[in-house]
Amino acid sequence: MSVPSSRSPAPRARQPLDSADEASPASAAPLSRSPASAPASTPASTLTTAPANPPVLVIDDSEIAREEVSRVLRSAGFQVLALPSPIGATQAIVRHQVRIVVLDVFMPTIRGDRLLTLFRKNQRLGQLSVILMSGHSERELEQLKLEVQADAVLSKRHLERLPALVQRLAGKER
């Protein structure tokens, strides 16, 4: 007869984080299936599937903007992951083999342009296609695009352009 062990299980080893992450993976927003494909108890948020198109990561601190960008991309057939902050971005990119990131410029934890600079310096993340997004006009964003090597910029006022922009980047080798 075996006796149950009173010892707790050994702690799991932590994986090293890239410089774009600012906290442990446990603190990152969980990735889950969208409400349409998930059980009612699953938090509505971030992962939906569409096999034909590459996964797209959306990082925006505004819940309304993040959900609208995700909706626009899902309706165009893209697989979407969404995070409310850059925390956990590296883990999501690596785990889900993300090639395209839609990144809000103005976020409280770290500006999107600064995060993009960190991506470009990282060997594993430097080849990402990144769209910088803001409520400002695209004309105002063009200078920032050149400074930080963004692949594209988009004003949140013109989200209808996003699927075509993502599709163009999906077909382009960086």
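## Close-up views of a predicted chain

**View 1. The whole chain at a glance.** Five helices and five strands make up the secondary structure of the chain; helices (H or I, at least four residues) and strands (E, at least two) are DSSP runs, numbered from the N terminus. Starting at the N terminus, the elements follow the order β-α-β-α-β-α-β-α-β-α. This is a predicted model, in which local features need pLDDT of at least 70 and side-chain atom pairs count only at pLDDT 80 or more, while totals for chains, interfaces and linings use all residues. Residues are numbered from 1 along each chain as its sequence is written, and side-chain values use heavy atoms, with hydrogens and water left out. Of the 174 residues, 47% count as buried, meaning under 20% relative accessible area, with exposed over 50% and partly exposed in between (1.4 Å probe, protein chains only).

**View 2. Inside the largest nonpolar core.** A nonpolar core is a set of buried Ala, Val, Leu, Ile, Met, Phe, Trp, Tyr and Cys residues joined through side-chain atoms within 4.5 Å. Which residues touch the most other members of the largest one? They are L57, I59, V101, L103, F119 and L132, out of 26 residues. At least two residues of this core come from each of β1 (55-59), β2 (79-83), α2 (89-96), β3 (100-104), α3 (112-121), β4 (129-134) and α4 (138-148). The largest share, four residues, is supplied by α3. A second, separate core has 20 residues, including V56, V80, I131 and L169.

**View 3. L57 and its neighbours.** Leaving aside residues up to four places away in sequence, L57 touches L81, A82, L83, A89, I93, V98, I100, V101 and V102. Contact here means heavy atoms within 4.5 Å.

**View 4. Helix α2, mostly covered.** Six of the eight residues of α2 are buried. Here you can find them as A89, T90, Q91, A92, I93 and H96. These buried residues pack against β1, β2, β3 and α3.

**View 5. Two glutamines with positive phi.** Most residues other than glycine have a negative phi. Q97 follows α2 and lies in the loop between α2 and β3; its phi is positive, near 50°. Is Q97 buried or exposed? At 64% relative accessibility, Q97 counts as exposed. Q149 also has a positive phi, of about 60°, and sits in the loop between α4 and β5 (152-155). With 48% relative accessibility, Q149 counts as partly exposed.
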